[in-house]
Amino acid sequence: MPPMLQILQRKYPFKPGNWKDSLLLSAIVFLILYFLVPFGLNIYEQNGGNLLGVVLGYSLITYISQAAYQKCVSRLAARKSIWTIADAGLSCILFWLFLGLCNAIYSIVVFHIGAQYFAKVILVFLYWTFIIGIILGIVTFLVNYNRYLKTELAGMLQKNTEEQEDIIVTIHDTAARGSDLRIGLNEFLYAESQKNDVTIYYKQGRELLHRTMRLTMAALLSDLDYHNIFQCHRSFVVNINNISDAKGNSNGYQLKLSDCPAAVPVSRTYVPKLKSYL
């Protein structure tokens, strides 16, 4: 699957709309229209028109449109097992087009616009509502998704702990024969390289153990050739299955592992690869 399609299929947090969201959006619309007076509203006011009343009408249309659309989208999201970035983007585009159409119809009625101008008015409102909506939508998306990654990354990771329950791996120590480490794959937590050595951190029951061995990160990854073993930093390799919490952003993450007090860093270079596990 192309990288762009993979990104669009990632899980995105669906947040059902409420009256506060609708009220906030209608308030933003009111402030923009009343104080900036775009779309010829200044001429309308100069000719004795009731600017406050008209702007309140646009705000009310926005509130009702937002509330109605969120109700429809909530029903749709409830039927889907996963709400994706593609779903969120498409719903955002459709909402702003719907809002633009509603405001265009309101304008036609309030300003008594002739039928010969219907198409032009609708296109103008669709255009500007869509442009403004895309800007607000992108900002909202980035904020929500970044916040989601900070709090839900560990739960989003594709883990296969049960499938690997009986897998035993051997990590080969190049310093001496007979010093190889045999552990269950799920017991492996993470490894940290230091010069020519690698320290393996693993658990046996609830006990945290570690062992320093003479090998390279490349050799370690060769011994642990499984999808859930991820090099998250130049000096760190981690077992995705044992991640219990993750905090950070696009500049890097700190991973917490089960029964392990230390945090494993994910450097900025490896963040895109980490997201491929989502």
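This is a predicted model: local features need pLDDT of at least 70, side-chain atom pairs count only at pLDDT 80 or more; totals for chains, interfaces and linings use all residues.
**Whole chain.** Along the principal axes, the C-alpha atoms fill a box of roughly 95 × 35 × 35 Å. Of the contacts with a separation of 6 or more, 57% join residues 24 or more positions apart.

**Surface and charge.** The accessible area is about 16,100 Å², and carbon and sulfur atoms supply 59% of it. Buried residues make up 40% of the 278. Now colour by charge. There are 25 positive and 18 negative side chains, and the centres of the two sets lie 10 Å apart.

**Aromatic rings.** Show the aromatic side chains. The chain has twelve aromatic pairs. Select Tyr58 and Tyr106. Their ring centres are 4.8 Å apart and the planes meet at 75°, so this pair is edge-to-face. Tyr58 sits in helix H4 (residues 51-78) and Tyr106 in helix H5 (residues 85-110), so the pair ties together parts 48 residues apart in sequence. Tyr58 is buried at 4% relative accessibility. Tyr106 is buried too, at 18%.

Next, select Tyr69 and Phe95. Here the centres are 5.6 Å apart with planes at 50°, so the pair is tilted. Tyr69 belongs to helix H4 and Phe95 to helix H5, so this pair ties together parts 26 residues apart in sequence. Both residues are buried.

Definitions and conventions. Residues are numbered from 1 along each chain as its sequence is written. Side-chain values use heavy atoms; hydrogens and water are left out. Buried means under 20% relative accessible area, exposed over 50%, partly exposed in between (1.4 Å probe, protein chains only). Contact means heavy atoms within 4.5 Å. Accessible areas come from the Shrake-Rupley method with a 1.4 Å probe; for residues, only the protein chains shown count as cover. Lys and Arg count as positive and Asp and Glu as negative; His and the chain ends are not counted. The place of a charge is taken as NZ of Lys, CZ of Arg, CG of Asp or CD of Glu. Rings of Phe, Tyr and Trp (its six-membered ring) pair if their centres lie within 6.5 Å; planes under 30 degrees apart count as stacked, over 60 as edge-to-face and the rest as tilted. Helices (H or I, at least four residues) and strands (E, at least two) are DSSP runs, numbered from the N terminus.
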